[in-house]
Amino acid sequence: MTDTPKTSSLRKRMVYVLPIAVLALLATVAAQIDDWSRDLTTNFAETSVAAEDPLDRPLAVVAEVEEIEQAIRTFVENQPRWELKGSDSLPSIRSIFLTRKTKWLKFTDDVQVDIHYSQEPILVEISSQSRVGKGDLGQNPRNIRELNRALREQLDVAK
């Protein structure tokens, strides 16, 4: 089978276009990674009181548990890749279980929100873990920041 001038021209273009597309995809992924040493070897993240970024810290909320739960439901309902999976209650902690799928490869991350309601203000801690892979390329910290930012906008967060 011989190449026609049209297929020959298409092949020549593909030789240039494909590597450029791959490089653009890799650059997009690399630009999202905040901490190369963490993001290539860790697939778990959680809020911490010692974190520098306020979006990586637990929330101290002046609200009722039901108001916090509603804020989480509202957030999930308005996000295309987030889903509410369930909840569980202990005497002083209410846990809400969510999932978030990555945009392109549809990897699923499990996100847990723990609402510690036996204290004033109520403490809201968030954790996120990838189901597969050794590293998360920074997706779990981004999950926490995205949810944390939304809750801060909807709730009365104590300073």
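Biologist: Why does valine 15 count as exposed?

Modeller: In this predicted model, valine 15 has 56% relative accessibility. Exposed means over 50%, so valine 15 counts as exposed.

Biologist: Where is valine 15 found, and what does Val15 form with other residues on the surface?

Modeller: Helix α1, residues 5-32, holds valine 15. Val15 belongs to a nonpolar surface patch together with Leu10, Met14, Tyr16, Val17, Leu18, Ile20, Val22, Leu23 and Leu26. Their accessible area together is about 1000 Å².

Biologist: And aspartate 39: why is it called buried or exposed?

Modeller: Its relative accessible area is 3%. The cut-off for buried is under 20%, so aspartate 39 is buried. Aspartate 39 sits in helix α2, residues 36-39.

Biologist: Which residues is aspartate 39 in contact with, leaving aside neighbours within four places in sequence?

Modeller: Ile33 and Asp34, and also Gly135, Asp136, Leu137 and Gly138. Contact here requires heavy atoms within 4.5 Å.

Biologist: What makes up the largest nonpolar core?

Modeller: The core has 25 residues, and those touching the most other members are Ile68, Ile72, Leu98, Val113, Leu147 and Leu151. Two or more residues each come from β2 (59-61), α3 (65-77), β4 (93-101), β5 (108-116), β6 (122-130) and α4 (139-154). Helix α3 gives the largest share, six residues.

Biologist: Take leucine 147: which residues is it in contact with, beyond its neighbours within four places in sequence?

Modeller: Leucine 147 contacts Phe75, Trp82, Leu98, Val111, Val113 and Ile126. Among them, Leu98 and Val113 are also listed with Leu147 as touching the most other core members.

How values were computed. Residues are numbered from 1 along each chain as its sequence is written. This is a predicted model: local features need pLDDT of at least 70, side-chain atom pairs count only at pLDDT 80 or more; totals for chains, interfaces and linings use all residues. Side-chain values use heavy atoms; hydrogens and water are left out. Helices (H or I, at least four residues) and strands (E, at least two) are DSSP runs, numbered from the N terminus. Buried means under 20% relative accessible area, exposed over 50%, partly exposed in between (1.4 Å probe, protein chains only). A nonpolar core is a set of buried Ala, Val, Leu, Ile, Met, Phe, Trp, Tyr and Cys residues joined through side-chain atoms within 4.5 Å. Patches are made of residues with over 30% relative accessible area and no salt bridge: like charges are joined within 9 Å, nonpolar side chains (Val, Leu, Ile, Met, Phe, Trp, Tyr) within 5 Å. Accessible areas come from the Shrake-Rupley method with a 1.4 Å probe; for residues, only the protein chains shown count as cover. A salt bridge is a side-chain nitrogen of Lys or Arg within 4 Å of a carboxyl oxygen of Asp or Glu.
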